[in-house]
Amino acid sequence: DDPKLFLVQTPHFFLNPDPLERNLRTFETMPSENEMFYGIIQRGLDKWNAAFFCGSAAVLRRTALNEAGGFSGLSITEDCETALALHSRGWNSVYVDKPLIAGLQPATFASFIGQRSRWAQGMMQILRFRFPLFKRGLSVPQRLCYMSSMLFWLFPFPRTIFLFAPLFYLFFDLEIFTASGGEFLGYTLAYMLVNLMMQNYLYGSFRWPWISELYEYVQSVHLLPAVISVMLNPTKPTFKVTAKDESIRESRLSEISRPFFVIFAVLFVAFLMSIYRFYSEPYKADVTFVVGGWNLLNLLIAGCALGVVSERSERAASRRVTVKRRCTFIIDGREYPSTLENVSANGARVQVFGLEPDLATGARCQLRFTPYGAHYEEALPVDVRNVENLGSVSAVGCRFMPEVARHHSLVADLIFANSNQWSDFQVSRRYNPGLFRGPLWFLGIALYQTSRGLLYFARSLGGGRKGETTS
């Protein structure tokens with residue numbers, strides 16, 4: 001209906017957890033990091049006709065791209081840069097808040113940091129070369145929206161300052177603020193509580209307490225030098241494709257984990273120093289208490305990050321998608337009512353009712369089901385990999401054995417055709433743990449992940465055992 005519409009953007013939905021979700025085991029219980037952006041921020045940008053292209057999960061108008069000379073390529077985040085150029089030419093965008101495709105995100109922490117470094121450097125390049133605040137053709141709200149999206153990537157600077165500021169007092173007795181303990185409690189702590197209450201009220205179901213702090217900390221350690229480098233030399237960064245379909249065969253520390261253990265050690269020594277100063281300098285006890293508490297909070301976040309960089313092993317050869325879909329299991333002409341439990345590109349797990357217990361591994365069978373949008377059933381050949389008897393139900397692990405092109409289409413139908421399952425999965429994770437339970441949950445997971453990270457570190461010093469997995 002809108003001839004000036006150049007973009008329809010939909011959310012990114014991922015079949016696999018990011019390294020933080022996988023290593024902390026929060027993928028199925030906690031809202032994903034990108035749901036804050038796609039569930040709230042992009043909707044807000046859309047109100048001001050400023051929702052931008054995110055590289056995939058979108059449809060673009062070829063006429064608009066031709067008018068602008070194709071995709072912009074001055075920065076390494078050509079998607080956002082292209083949207084900025086087209087918005088400035090009077091074209092419009094629309095954001096549809098429903099996941100319609102599914103993809104993969106980086107599985108290893110190193111690839112995750114590489115991807116975020118590219119985003120941060122690309123946004124700094126756009127800020128340097130295109131500077132949206134003075135970009136001709138943009139409305140005032142669009143200028144502010146684009147500036148906000150780009151200035152966000154300066155978070156490594158304040159994050160680093162807040163991480164190391166307490167150390168200057170605890171180690172060198174440098175005064176980092178001028179206030180008594182009572183003044184701190186009356187002003188700063190009150191502000192922090194009100195801030196937490198506002199966050200919880202506005203988007204408590206999309207971002208849990210302290211999770212933003214953790215995500216920003218684990219990125220800041222490596223993003224800070226990346227952002228500084230692009231500021232010094234804006235043309236230096238080059239585009240590198242992010243590795244996606246990776247697997248981790250054995251539990252190990254990430255190859256870029258060393259700085260996190262060094263920072264944790266420094267913060268732990270500072271924690272001991274705060275205890276010493278609290279008793280040796282009682283006349284400064286209120287200030288030491290405040291700064292020591294600040295350092296302790298940093299220590300908890302840094303300890304939780306040790307679990308993030310301690311990579312858990314993954315045994316699965318491909319990503320599995322949970323489905324609930326009726327089908328018929330056919331073997332030797334006999335048919336059994338069944339339900340598909342999960343599927344991947346290679347196979348499926350099927351709950352078969354009334355199956356005879358002597359089903360042999362390697363037996364050739366068929367799964368018969370109705371593809372989405374069709375009015376008749378089709379059969380997909382499989383062979384049996386394993387069988388688990390659960391009383392009246394047998395859980396059968398199958399491997400797809402496609403023989404013609406249509407069989408590959410049926411596999412794709414099982415995995416990707418029903419986008420409602422992705423929306424349902426997102427909604428199932430969107431609940432608000434609250435102002436009290438949320439911080440307590442984070443405290444518990446931080447203590448556990450600290451111990452797990454230190455255990456991985458100790459095993460790495462001892463050489464470890466190949467193939468060893470850790471809970």
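Student: In this predicted model, which residues does Phe-260 touch, not counting residues up to four places away in sequence?
Tutor: Phe-260 touches Phe-109, Tyr-217, Val-218, Val-221, His-222, Ala-305, Leu-306 and Val-309, with residues up to four places away in sequence left out.

Student: And which residues touch the most other members of the largest nonpolar core?
Tutor: Leu-214, Tyr-217 and Phe-260 do, in a core of 72 residues.

Student: What about H5: how many of its residues are buried?
Tutor: Helix H5 is mostly covered, with 16 of its 21 residues buried. H5 spans residues 109–129 and reaches 30 Å from its first C-alpha to its last, close to the 30 Å expected at 1.5 Å a residue. Just after H5, Phe-131 takes a positive phi of about 30°.

Student: Changing topic, where is Gln-449, and what does it touch?
Tutor: Gln-449 lies in helix H14, residues 434–461. Beyond residues up to four places away in sequence, Gln-449 touches Asn-23, Leu-24, Gly-303, Cys-304, Leu-306, Gly-307 and Arg-312.

Student: Why does Gln-449 count as buried?
Tutor: Because its relative accessibility is 1%, and the cut-off for buried is under 20%.

Student: How many disulfides are there in the whole structure?
Tutor: A search of the whole structure finds 0.

Student: Is Cys-398 buried or exposed?
Tutor: Cys-398 is buried, with a relative accessible area of 4%.

Key
Residues numbered from 1 in each chain as written. Predicted model: local features only at pLDDT ≥ 70, side-chain atom pairs only at ≥ 80, totals over all residues. Heavy atoms only, no water. Helix = DSSP H or I, 4+ residues; strand = E, 2+ residues; numbered from the N terminus. Expected span 1.5 Å × (residues − 1). Buried < 20%, exposed > 50% of the residue type's maximum accessible area, 1.4 Å probe, protein only. Core = buried A, V, L, I, M, F, W, Y, C linked by side-chain atoms within 4.5 Å. Contact = heavy atoms within 4.5 Å. Disulfide = S-S within 2.5 Å.
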